[in-house]
Amino acid sequence: MRGVPPQDLPPYLQYFTDPQMITESSTVHVSLDVDSVEFGKCRVFQRVHHKTVTITNYTKGRITAVWSDNPESVFTVLPVEMDIQPHKSASFRVNFSPRLPNQFYGSELECTTFYKSMRDTQLVSEDTLTASWCLPLYCTGETFEPGHEPYIPRYETDMTALLFPPAVMDQPVFRTLLLRNCGDTPMMFCFEDDPMGIFSVKPMMGVVHREVAVVMVRFLASQSRTYQFNLKCTLNTKHSLVFPCVAAVELPTAWLENENMLTFKQCSVGSVTKHRYGVRNTSRLPLQFEWRVPGITENVSVTPATGVILPNDTQYQTWSFAPQGEAVIRCSTTLNINHDKGSRKKMTLSVLGQGTTASLECLPKGVDFGVTVVGEVANETISLHNPYSCTAVYSLAVEYGHPEDCCR
């Protein structure tokens, strides 16, 4: 996610933040140029093997970098502690001193960085107190001599293929992979990079003892299509594994019933007619929608105007038409659909309605009850006829007056 400081990202995105992509224009505080160091094949009892890593201070204050110091570890860092000036970098030497031949070595080192003023709580107040930053570094190496083959790995995996959930353009989705070492000797694993950068793995390498390694695989693409990739992993430098990966980027798609047409039946002026209209989500992700009715069309409204439609689900909205005069109403309303934080797509719905004047005819136009005995009840039937195609709303009332008056 561009423009967002890594420390403000969700944990799963922070985990995949590439330190090599960090520049001086970024808003990060401290960075390590690499997250892993591979020493490869080394010889025992030779001079100490070493690599160099760099820590950069992007803050405006002096920081102190302190590496975890374990004298019994074959991986050490010199110097263990160093101050780094603002907007400056410092290099550290990572040493690998193997003690036994024909072994795999792997260990994670940590560097804790903090403002130098934070070394004493009396120098800061509660308002200026700042937490430290932790920079992990994973180191691997091996000491197998010529003529000695690495151990045959005994392993288990929780899956043989990775099927990713549907993704939004430029938004990552993740899958986890478990590597279990079933043997009594360490097992080294190493994943190959995707040359297109679509699929990423972290950690790329490591050494698993009698435990389980959790590997996270990320899918991130900027084009809408289906992607396939064979993720290759090498165990103990000899044994190869292949994990087929399948993922797809989904675009917001929907289906509007009646071929994107909504037609109201004729409605009398002053009354309201309603119609249920369905929108179906044809994608595999929840779809956010928003109806935009032109402001000049006060006769047409929709409820609800916004909402979420689940994948492969149809949601019905209630459209209302209340004509204010005798006229034919034609308008085009816009439906904006999008996935969460994804690109928007516009769809058009054509609305047609007609307002008219309605009247009723009474058949017969007059009713004669004749002579009726006092106390008796006389009944007559009348019929109301609507000669128009719209619905007429009416009410009946009786007015008493002269005998020539008729009931209405």
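**Entry 1: getting my bearings**

Before looking anything up, I note that strands are DSSP runs of E with at least two residues, helices are runs of H or I with at least four, and both are numbered from the N terminus. I also remind myself that this is a predicted model.

With those numbers in hand, I went to Pro294, and I found this residue in the loop between strand 23 and strand 24. I looked up its accessibility: the value is 26%, so Pro294 counts as partly exposed. Then I checked what Pro294 touches beyond its neighbours within four places in sequence, and I found Ser332 and Thr333. I also noted Cys331, which is 37 residues from Pro294 in sequence, yet their C-alpha atoms are 7.7 Å apart in space.

I then went through some of the pairings. Strand 11 and strand 18 run parallel and are joined by 2 bridges; here I found Leu162 with Cys245 as its bridge partner in strand 18. Strand 17 and strand 18 run antiparallel, and I noted 10 bridges between them. In that pairing, I saw Asn230 standing opposite Pro244 of strand 18. Further along, strand 13 (residues 187-191) is joined to strand 15 by 4 bridges, again antiparallel, and I found Met187 opposite Val208 there.

A reminder to myself for looking at the side chains: in a regular strand they alternate between the two faces of the sheet.

**Entry 2: a turn and some backbone angles**

How many residues lie between strand 17 and strand 18 in their hairpin? I found 3 residues between the two strands. Is Asn236 buried or exposed? I looked it up: its relative accessibility is 2%, so Asn236 counts as buried.

I came across another positive phi at Asn258, near 60 degrees, also in a residue other than glycine. Asn258 belongs to helix 2 (residues 257-260).

I also looked at cis peptide bonds. The bond from Lys202 to Pro203 is cis, with omega near 0 degrees, and Pro203 lies in the loop between strand 14 (199-202) and strand 15. The bond from Thr303 to Pro304 is cis as well, with omega near -5 degrees. I placed Pro304 in the loop between strand 24 (300-303) and strand 25 (306-309).

**Entry 3: charged partners**

Side chains of opposite charge can pair when their charged atoms come close. I counted 6 salt bridges in the model.

I began with Lys202, whose side chain meets that of Asp35 in a salt bridge (3.6 Å, N to O). Lys202 lies in strand 14 and Asp35 in the loop between strand 1 (30-32) and strand 2 (36-41), so this pair ties together parts that are 167 residues apart in sequence. I checked both ends: Lys202 is buried at 18% relative accessibility, whereas Asp35 is partly exposed at 32%.

Glu250 came next. I found a salt bridge to Arg284, with the closest N and O atoms 2.8 Å apart. Why does Glu250 count as buried? Its relative accessible area is 16%, and the cut-off for buried is under 20%. Arg284, at 46%, counts as partly exposed. Among the other residues that Glu250 touches, I noted Pro166, Ala167, Val168 and His339.

I finished with Arg292 and Glu290, which meet at 3.0 Å, N to O. Together with Arg344, they are linked in a network of salt bridges.

**Entry 4: rings**

Last, the aromatic side chains: I counted 17 aromatic pairs. I picked out Trp291 and Trp319, whose ring centres are 5.0 Å apart and whose planes stand at 85 degrees, so the pair is edge-to-face. Trp291 is in strand 23 (residues 287-292) and Trp319 in strand 26 (residues 314-321), 28 residues apart. I found both of these tryptophans buried. I also noted a cluster in which ring pairs link Phe164, Phe199, Phe219, Tyr227 and Phe229.

Terms used
Residues numbered from 1 in each chain as written. Predicted model: local features only at pLDDT ≥ 70, side-chain atom pairs only at ≥ 80, totals over all residues. Heavy atoms only, no water. Pairing = 2+ DSSP bridges. Buried < 20%, exposed > 50% of the residue type's maximum accessible area, 1.4 Å probe, protein only. Contact = heavy atoms within 4.5 Å. Phe/Tyr/Trp six-rings, centres within 6.5 Å; stacked < 30°, edge-to-face > 60°. Salt bridge = Lys/Arg side-chain N within 4 Å of Asp/Glu carboxyl O.
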